[in-house]
Amino acid sequence: MDSFRGHSTNRLVPVSSMEDTQDSDKSAAPPLEDDETSVYNGYRLPPIDIRNIVDAPPTPALSFSPNRDKILFLKRRALPPLSELARPEKKLAGIRIDGNCNTRSRMSFYTGIGIHKLMEDDTLGPEIEVFGFPDGAKINFISWSRDGRHLSFTIRFDLEDNTSSKLSLWVADVETGQARPLFTTSEIYVNAIFDNFVWIDESTLVVCTIPLSRGEPPKKPLIPSGPKIQSNEDKNVVQVRTYQDLLKDEYDADLFDYYATTQLLWVKLDGTTKAIGPPAIYTSINPSPDNKYLIVTSIHRPYSFIVPCGRFPKKVEVWTSDGKFVREICDLPLAENIPIAFNSVRKGMRSINWRSDKPSSLYWAETQDGGDAKVDVSPRDIIYTQSAEPKLGEEPEVLHKLDLRFGGISWGDDSLALVYESWYKTRRTRTWVISPADRGEGARILFDRSSEDVYSDPGSPMLRRTLLGTYVLANIKKQDGSTYLLLNGDGATPEGNVPFLDLLNINTSEKERIWESDKEKYYQSVSALMSDQCDGDLELNKLKILFSKESKTENPQFFLQSWPDQRITQITNFPHPYPQLSNLQKEMIRYKRKDGVQLTATLYLPPGYDAAKDGPLPTLVWSYPGEFKSKDAASQVRGSPNEFAGIGPTSPLLWLVRGFAILSGPTIPIIGEGDEEANDRYVEQLVASAEAAVDEVVRRGVTHPNKIAIGGHSYGAFMTANLLAHAPHLFCCGIARSGAYNRTLTPFGFQNEERTLWETTKTYIEMSPFMLANKIKKPILLVHGEEDNNSGTLTMQSERFFNALKGHGSLCRLVLLPYESHGYNSRESIMHLLFETDRWLDKFCVNSPDSTTDPKSCGEMEKAAGEDKFVLVGKGGSSNPEEDSEHDSFYSMPRSSL
């Protein structure tokens, strides 16, 4: 096992040459201890065995044609260079904009499109490569025409000054692969700040474009017109979370108008073009199933300086598909005062959409509690329906009334629809069966359960595609003429997930299982229904599904299965993404917390490891707490022991190649039963869960009790700091990425805590590891994106926590990654992150003393190890603007997505 434990680091090459040398390692740098001063300068590279996994080419994404007769293989590149993140961007109204290409900043993209025909025997035909666009094109927003004969997509290019060109719209013939620009002039560009384009029919699109009359961006005044003033003289109660990138002044508001304003164009495939509607900030264009109407949504002034653009005044209108105004559905005012309680929503109409089973019928929900979840009222939501062009005096009709919060509808036909409602506080979720033609009369509950109870989850109904291009409930018909819904479920069990397909008799609620995943070696899950090319009921004997199949060591592949003979055909053969770990060892382990709660975790061991021969290993524990309302639900097993071990660019599983045991995702349930809030006993339950996990891996003999590191991202980083403060006897060091450590900086709620700082001051203080900086004596590595735009994890959280630790002589290190946001994207940043992590684990975990150290003497041990305080600083950009809560976002290896 010596090969597992040997740690070395590699010197950084110049950033400009990183891409050229990533595959050539050819001489190891001196050991870390011989070159300690260099860890304070520049970007570094992790060991070659880690780099090889991170730089492996990603698996293509898949997309199926509307007729299910063709498959796109969408090709992707590996990690982007830091230069792309360093491009200038505008931070406006909660979003980040690349002003050069007029899109959201730092969009990912595809590098190529391959088209495969699905042959009659379910095998794939030869690949047809989409061609006709220049080399180096970055492809986005790929969309099928409704008849499946054409593809539309945008293209942009990198320019010599490290900027990007604007987006041009292209179309490709699916049979030949020939692509061409849609517009005959090169002066028309897509505005993709919000929506981009949508197919109206098989030959017509509505496209969001940059107005041709738009001039230069507004210039910032040298002298402001006056002070920045906000006022609450009306004494309104306005509580908001810590949103970032908000408008700061009128100049910002003008910039937002400039970049977000769109001119809609109606375009035919032959190049015929006409402008429809006035220029405005259109956020979505939604065509009716019969192609006759559009739901057009826009936002307008007055703007806000305290909430993002999703809460700006919103207007929803109905137009004809060629751009003629029909009517206004609603014009909602600015929504600054949505309560912070979960299930609180905006006042007025919401979820406005087309019925997928009708040519052009609208539906929407309206609150009866003013949007405030704390108001006790019945009903809480009412669902309405109305035609696109109602007759004079025709009022909306009530479709259904709900006592919980409306969560959506699955449409079938006039006799059947499923309506969903839920309530976070109680975790209750209900599914109603209604007859739309009867306007809710005779509605009955189909499922009424706890959303936490995964064992009782019946699955979700599968949908089929209609000839109008919409999706409705799939009715499966047997030979005797009886019809059933088709439920696709995860199949959670005490032994792990076993996905399934069930036929459900909607009248009797009886079920019949027609497909189930293998339980012994493989994990299989249904991805799509492939036999839905015609309207009406689907015959069971002609059923065809697409499913994925994987095992602990075999990466996911896709298969087709056809009834009645259950014939199975493999359609993909993706290579193993990291063959050096193809024989890793994986086990889902179970153990109990001292209060009796059943816990689970996934234990990974390096290939070839034998506990009896090799002895205990240094171990990295990586986790993320979750909140529950019941011990029974918290004890349930989630996930499958047979799933493939996906390893992404920042995954803790990378350290398997460094000889570590990895305890991934040990459950850390924070439970608040009855009227008790989960966070009232956060620390107690956090420590008890960690103790149980550590005891179990030590008992198994795979983990050295004094060489256990703890780590996590976002709320997992918060967990890490708390464990080093409250349970220093369990861990030798910690790694905390993009966390929030002082809860007084998020006073109006955080994560799943909806009480304010002033309602539960004690909880906020006790949960904040910042307040216990003087107690943290174990080495902690803090990493944060310098441009974190997540609502709960401002970069200064790590900066202030580091200063607090440093002020008490704690052994700590702070690494700020320039231009990175809540998740890390660029190759330079990710490689440096991995270098820092590997160095930290080598220094304070692998080389941690073998003997048990009295916690009281931890300070002396860490002084001997030496203080280590370092900041890699810079200026820069952002990441995903949609991230708005502290969810675990370390990379996991994406399966081929559909």
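Entry 1: helix H5

I started with helix H5 (residues 250-260), where nine of the 11 residues are buried, so the helix is largely enclosed by the rest of the structure. Buried here means under 20% relative accessible area, with a 1.4 Å probe and protein chains only; helices (H or I, at least four residues) and strands (E, at least two) are DSSP runs, numbered from the N terminus. I reminded myself that this is a predicted model, in which local features need pLDDT of at least 70 and side-chain atom pairs count only at pLDDT 80 or more, while totals for chains, interfaces and linings use all residues. Residues are numbered from 1 along each chain as its sequence is written, and side-chain values use heavy atoms, with hydrogens and water left out.

Among the buried residues of H5 I listed Tyr-251, Leu-255, Phe-256 and Tyr-259. Their cover, judged by contact (heavy atoms within 4.5 Å), includes strand E14 (262-268) and strand E15 (273-287).

Entry 2: strand E47

I then turned to strand E47 (residues 780-785) and found six of its six residues buried. Ile-780, Leu-782 and His-784 point one way, whereas Leu-781, Val-783 and Gly-785 point the other way.

Which strands pair with E47 in the parallel sense? I found strand E46 (residues 733-737), over four bridges, and strand E48 (residues 812-817), over six bridges; pairing requires that DSSP finds at least two bridges between two strands. Leu-782 stands opposite Ala-736 of E46, and in E48 its bridge partner is Leu-814.

Conventions
Buried < 20%, exposed > 50% of the residue type's maximum accessible area, 1.4 Å probe, protein only.
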